[in-house]
Amino acid sequence: MLDLSTGSVGGIATMVLADFGAEVVKVEPVGGDPWRSLAAAPMWLRGKRSVELDVVDERARLEELIREADVVVSTDSPARAKARGLQYADLRALNEAAVYCSITGFGPTGPYAEYPAYEALVSAKTGRMLSFVGQRNREGPGFAAVPVGAHGASQGAVQGILAALIERQRCGQGQIVETSLLQGLMPFDLLLLLLTQLSEREPEVYPQVFNIGGGMPTLNYHPVMTRDGRWIQLGNLLEHLFYAFMDAADLTLLFAEEQWQGSQAEWTPEATEEMRDRILERMQEKTCDEWMEIFRAQGNVAAEPFTPTHDAVDNLDMAANGDTIEIEDPDLGPVKQVGPIAHLRETPAEISRPAPAVGNANGFSWPSRNGEAPMMTSPNGATPSGKPLDGFTVLEFATIIATPIGVSMLADLGARVIKVEPIGGDPFRGMGGGPLRGLLAAKTNAAKESICIDLKDPEGQAIVADLIAQADAIVHNYRPGVPDRLGIGYETAKAINPEIVWVSANGYGPDAPGARRPSAHPIPGAAMGGALFQAGSAMPPGGCETIEEIREASRQLMRANESNPDPNTGLLVASATLLGLYAQRRYGVGQEIYVNMLTANAYANSDDFLLYEGKPPRRQVDGELYGTAPWYRLYEASEGWVFLAAVTDDEWTAFCEEAAPALAKRDATSEDALIAALTDVFAQAPASEWESRLTAIGVGCVRADAGPVGEFLIRDEHVLANNFSPVANHRRLGDVRRWGAVTTMAGGREDYGPGVLAGQETDEILAEIGRATDTDRLRAEGIVWSEPVELE
């Protein structure tokens, strides 16, 4: 694999593949990758070799490496790739079998294709920063701190490369794989794209609410302050978990009082707020460590302390599960860092080599292949289809967000995904309330088929056994022990289908002390540091003396602990499953694979998830959520808001020449003084004018408040030019634009599937396995089920 990328996004993608055995040669410009100065570089450079060369002046040497490579990875913008003769057509002329992965900021075409590829710039342009309006008590968008777009793009590259290599086995040809920071953000809007369309279509039915979650947290998902001033995140989404928490907190006697009879949905607003205060008061009676000892002993309470990322490296669950590793670096000494993205029992990761010195392999040449490229078995002459997983069947036994959204990525790559749901459907389908009921599930179940089966019934398990016999992979998110009781445990599945790839995704991993504890998205958000990073330097406050101060701090912490940990996990679910399918096709092995939410969110925060002597600290978000530096920050313009990303010296020089000549020597000015000066500069013109002027000279500056994510995805000309919101026909909602794929294969496809209803294909799937004549009886006996198309 030839890594022509610079920076962490391509670096992490190729690192993951190096972890699992790829020979990765990183081609660096003279002097090395300019982003080697980043604190996390020792992690994303690990396991590679370095060749230092000028790709223009030493073209013959570069072409020698390209001709024998299986994969080439690039982070050039479209114009830069063209100027350097490194477009896909150029590489294909040298090596028809190579998979070429292009990672950009905004995608391969459209008006923003040449905008600088900075995470926050993409977040601002797409409207993601408007999701944080109101997190702090000020006007305007809020900085989006956790680099989830980079996480999405790096894992999208991993998925696309593996899928393309699998398809190459069949057709004998390479193909282009494209992803971008913009596509990497696609998993992180769970509703607004769909709700925007529906509210415009039927405004009397669907609420025009685009800043969802601005009030107090639910009692299930609540940050609480303990006696020692520390904070714990609760994540007890389901009713039985909330009751487990109340039991552990010794608050169950409250349920005897009339105002708290029945479910939470039946309580009055006044009763809910009084219960909130009772919980917050109770949590102040013990220290954080005392409460966590109680919660862990109870075993059914989802809770973790808020922890900064650099401290999360010492997380005990991750250490016990083998999710943190230590590599001896010749220059830095021991470097503790995140381990592999998943644990594959038959083809595990092997990580030992530290980051290479620049040019440590300048004389490298690929090992001889005797004229044959690996992974080319029985090429049939077909052309890559845009659906590299066509012909694969994946059975999904998963609920809520993290695992289902990951499996939907496999469906977008062409796999047939059959979602096996309980009678009544995935509980996530019932969440939202009113007209929002069921809408969230459209995202997490895109492009799948669905059958609802009672897995506790022997005949239901027999139906599942028939499906396992025809499947390539099983993906589930049950806690340990549950799959065995439901007839889908690994040994049971392996006895039916010896080459099955069996993927388990849960909160902590099978070998962690918390293996059997529940988890939900706020838990890894708090535990891995993403929530505190997003909360900004003013949170949590040094001390809260009144219940009102605690309530406000908990509101802000929960707004910061947004839903990103679930998609962060889903991305690893998809990548890990593809690693398993690749090994299945290459080596003929099935295996158990384990993914967990802590590791997934360590990856999303990997810019700070490592420890070594002299490591530069992570730049913190300021207390009011504007940004992390004067040159990487939100500013209010004379009309609207802009985000400025002038990171390199060249970008800063160009910015100053255009807009602020007096600030050219930024090192000679304090950061506070720079912010004050830049505030005055941007107040002189509207946001749209600043974007036009500065992007024209290659400086990252975009309007940050043009509209919410949903509006951007349905109307922006750049999105439409790249087909990043394709139209699909939903059985209940009709034609709607859905979220585009994280990865575009072989130039893309037009037929991305819609979300499905629970049990939408129950009858068809039963007929396929020879049970058509049993369908009516199975329905009557409650062994299978489908939801009605029309809601009552």
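Biologist: Is Cys656 buried or exposed?

Modeller: Cys656 is buried, with a relative accessible area of 1%. Buried means under 20% relative accessible area, exposed over 50%, and partly exposed in between, with a 1.4 Å probe and protein chains only. Cys452 also counts as buried, at 0% relative accessibility.

Biologist: What should I know about the model before going on?

Modeller: It is a predicted model, in which local features need pLDDT of at least 70 and side-chain atom pairs count only at pLDDT 80 or more, while totals for chains, interfaces and linings use all residues. Residues are numbered from 1 along each chain as its sequence is written, and side-chain values use heavy atoms, with hydrogens and water left out.

Biologist: How many disulfides does the structure hold?

Modeller: A disulfide is a pair of cysteine sulfur atoms within 2.5 Å. The structure holds zero. For Cys656, the closest cysteine sulfur is in Cys701, 13 Å away, so it is too far for a bond.

Biologist: Which residues of the largest nonpolar core touch the most other members?

Modeller: In soluble globular proteins, nonpolar side chains tend to be buried together. A nonpolar core is a set of buried Ala, Val, Leu, Ile, Met, Phe, Trp, Tyr and Cys residues joined through side-chain atoms within 4.5 Å. Here the largest has 161 residues, and Phe643, Phe655, Phe682 and Trp690 touch the most other members. Helix H7 (residues 148-171) gives the most to this core, with 11 residues. A second, separate core has 39 residues, including Ile279, Met292, Ala303 and Leu532.

Biologist: What is Phe655 in contact with, beyond its neighbours within four places in sequence?

Modeller: Contact means heavy atoms within 4.5 Å. With those neighbours left aside, the partners of Phe655 are Leu644, Ala646, Ala660, Leu678, Phe682, Leu694 and Val699.

Biologist: In what order do the seven strands of the open sheet run?

Modeller: Strands (E, at least two residues) and helices (H or I, at least four) are DSSP runs, numbered from the N terminus. Two strands pair if DSSP finds at least two bridges between them. The order is E3-E2-E1-E4-E5-E6-E26, with mixed pairing. Strands E3 (49-52) and E26 (744-745) are the edges, each pairing on one side only. E2 (residues 25-28) pairs with E3 in the parallel sense over four bridges, and Glu28 stands opposite Glu52 in E3.

Biologist: Why is helix H22 described as largely enclosed?

Modeller: Because 10 of its 14 residues are buried. Among them are Ile550, Leu557 and Met558. The buried residues of H22 pack against strands E7 (223-225) and E8 (231-234), and against helices H11 (269-283), H20 (522-527) and H21 (530-535).
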